[in-house]
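Dear colleague,

My findings on its salt bridges and on one pair of helices follow.

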Amino acid sequence: MSTIPIALLETKLHLPTLRQGHVARLRLGQRLDVETLPALTLISAPPGFGKTSLLAEWLAGSATDRTVAWVSLDPGDNDPVSFWTYVISALGRAEPGVGDRSLALLGESPGVDFRTLLTLLLNDLASAVRDVVLVLDDYHVIEATELQEGVAFLVGSLPPQLRTVIASRSDPPFPLARLRGRGELLELRAADLRFTRQEADEYLSGMLRVQVRPAHVDALEQRTEGWIAALQLAALSMQRVDDVGAFVEGFAGDDRYILDYLVEEVLDHQSADVRGFLLRTSILSRLTGPLCDAVAGGSRGTAHLEALDRANLFVVPLDDRRRWYRYHHLFGDVLQARLVEELPELVPELHRRASEWFEQNGEPGDAVRHALGGGDPERAADLIESTIPAMRQSRREATLRRWLDALPDDVFPDRPALAVAAAGSRLGVGETSLVEERLGQAARSLASPATSAAHPGLSGWVAIYRSASAQLRGDLVATVQHADEALRLIAADDGAARGAVQSLRGIADWSRGDLDAAYAAFSAGMDSLGQAGFVTDVVGGTVVLADIRIAQGRPSDARTLYEQALLRGTAGGAELRGIADMHVGLAALDIEADDLAGAQVHLRQSDELGEHKGFPQNPYRSRVVRARLAELRGDPAVALALVDEASEVFTSDFSPNVRPIPALRARMVLRLGRLDEAARWADGRMLGADDELGYLSEYEHLTLARILVAQARRSPAGPALRQAVALLSRLLQAAESGSRGGSVVEALALLALASRLQNDSRSAFRSLDRALTLAEPQGHVRLFLDEGRPMEGLIRSAASRADAPRFAGALLTAFAQAWPADEAHADVLTDRELGVLRLLATDLSGPDIARQLVVSLNTVRTHSKNIYSKLGVGDRRAAVRRAGELGLLRSPRP
């Protein structure tokens, strides 16, 4: 087993045992037949319906042919590190070896994307020898959206060896309707869990050790409606009455009043000592003797717990040795309500005692929670401040953020370290709300010389976070101003802070489109971090530097950067985080060079390393590259699905979003011949040929230019061609002034095509010659291949000239190699048939294709029959498969 990221509380992984007086629920056990268990079993009911008891019975009997991974959840598990550590550890104990890589990743990179973490875990489970049942008890305490999404992803991706059981007071926010429709969901609810009349009779007779009259059983079963907790309370009260009939006859009311009445009966029959113990310890989510002594006072905590356990008085053992317990949730809730009603002034003191005990016993999380629960923000603040370094080191930002948000505003003004941590915890997840308020509080506090001396370097981080906040808001002027201020405040030898400032300056320059300044500043930031020993950050920063080089039209330099970073990241046999990004970046460059085999090798190497060896952007960047490769290999459905996935996991990580995924998708559907869909994207973005241009929208406007050129081919007499030429001319001028060579080459290539459509061969050749001259030393190939037959024809015409650029011949060879079998078939398919063929490769129906092309359904059918005949196939699926083999889906032939 790998190193565990946090200390495990063994009782949370303890399988429950059957209790004295248990009533067998055979009818429910049959429904939990493990041979037919679906992906998810949901046991959802209010408290007191025997959810955990049912699972205990099931695990003791019918589940013996599967190993069981049990996790008892509590509110502290809303922290992703805690939650996944317990889940993965439980699975690893059920099936040794499962989860080792996931735990190692969680320990190394606590902030890793849950999809990466769970992909490793699912791969382990897929090769598990035995079948495993994962049980998550008390799931209703989980509120964190990230965890809900993670568990939903897990349930939706289960291998055959794993089944999941969730016990909860409320339904989790999963796609239950979809699971239900697929037959992948088994549900047990309150109506199923209620005691039948026979079960109520057996339970009451077992509890009272005498035969209960049938009329009394009927009355209690009807009045409690089979609610097990109420029957348990009734049985406890009936043990102490002489006239059971009178008790039953006077027993009435709805669940809430029944509960109030019966708890009074139970509590009133306890000694003052036991009653006081119950009330005072009700604030605890788990109980052990020494803790109870510290909170309630006295020295009989262990004895009290053992006596309550023997009396079956609503305590649940959490381990085999019965050292740790918890109250039945329903009973605990009522005890807490009664405590507040009877001893409100004592509640803060009880929480203080609990907080001190947990602090002394090395459990700062519970110490903070009880300080907050007791309304002692100053103590909570002290505890949080002392844990900030460790929380940051273990990347438990979610828990830190939750604690800080629970503190009142008046705590922060005199605690600059706490205020700065609060700002950083928000910026770390891309939020800017309250950031400036907290940083302002810190700055005012640090204005005192004594406070500043007590927190060296903290003023610099205030400026750094203000710069980062401005960057997220898109305020580039403020980003630079605060970065400059930070440089004046931080020590010359503080490499981490200096590297952060210089990097922010570089990103600001990049956002403005000043690529030369951006590269210089960001490169200096990486040098500072490298000198300070932050090698992993330097490797990760290569992605930014390479992106800038690509935007400058220097992909060969980007390749050198990636290759050097790979050497640094793997020196001495190491595998630093970030090397997966390097392989993805090299794959993208291979695709541009039309080396699809090389791209596949790099993507496979990235897969073998796992996404945990990548930085936050790697999940979306790798999907974009895989989408491109799938498209070029004739699988547009997979390509579009990958692009949509990339959009879901996108994160900017402070970098400017210079290639928005929706624009990338629009280009893809345009290459597939779906011009109207691409045009709808442009309309939705409200893009126009007369827009004011800026670097951050340059990629989108180049995409719009492509759409206009395609519209001009469809309707030569329309305004699209004139608009395209005007827009491309302005884009070219802007890109040249900013030394953005990548956009320059693309704009020139598109201008050449547009000029050809205008029958202006001289302008077309002039633009093409410039594009080819700039592209040759950098190996731009795919940029030209993507333009299909029009570009090939234009290059062929250019190559016949004596003064044609040398690169023209190389590109013609690339065209022939890219479509070796296309020549024999594309020429016999008409343009309209090629368009229909590419739409057949999507999930559009026949009527949808007709609407897309603005033709009748019969016309689509006629085209389809002609396509099938020319390709020698008999149906749509075979036509798509054959077209992929022939390369007919790679790029449209306009």
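A network of salt bridges links Asp594, Arg628, Glu631, Arg671, Arg782 and Asp786. Please bear in mind that this is a predicted model. The count of salt bridges comes to 60.

Arg667 and Glu746 form a salt bridge through their side chains, at 2.8 Å from N to O. Arg667 belongs to helix H35 (residues 661-671) and Glu746 to helix H39 (residues 741-757), so the pair ties together parts that are 79 residues apart in sequence. Both Arg667 and Glu746 are buried.

Asp607 and Arg626 also meet in a salt bridge, with an N to O distance of 2.7 Å. Because Asp607 lies in helix H32 (residues 596-609) and Arg626 in helix H33 (residues 618-632), this pair ties together parts 19 residues apart in sequence. Asp607 is partly exposed, at 47% relative accessibility.

The side chains of Glu10 and Arg93 are joined by a salt bridge of 2.7 Å, N to O. Glu10 is in the segment before helix H1 (26-31) and Arg93 is in helix H3, so parts 83 residues apart in sequence are tied together. Glu10 is partly exposed, at 45% relative accessibility, and Arg93 is partly exposed with a relative accessible area of 45%.

Helix H3 (residues 80-94) also packs with helix H6 (residues 145-156): their axes come within 10 Å and cross at roughly 30°, which means that H3 is roughly parallel to H6. The crossing is right-handed. Pro80, Phe83 and Trp84 of H3 meet Glu146, Leu147, Gly150 and Val151 of H6. By class, this contact has 5 nonpolar, 1 polar and 1 charged residues.

With kind regards

Key:
Residues numbered from 1 in each chain as written. Predicted model: local features only at pLDDT ≥ 70, side-chain atom pairs only at ≥ 80, totals over all residues. Heavy atoms only, no water. Axes fitted to C-alpha atoms, helices over the stretch in contact; angles between N-to-C directions. Helix = DSSP H or I, 4+ residues; strand = E, 2+ residues; numbered from the N terminus. Parallel < 35°, antiparallel > 145°, perpendicular 65-115°, else oblique. Left-handed = near helix turned anticlockwise from the far one by under 90°. Contact = heavy atoms within 4.5 Å. Nonpolar A, V, L, I, M, F, W, Y, C, P; charged D, E, K, R; others polar. Salt bridge = Lys/Arg side-chain N within 4 Å of Asp/Glu carboxyl O. Buried < 20%, exposed > 50% of the residue type's maximum accessible area, 1.4 Å probe, protein only.
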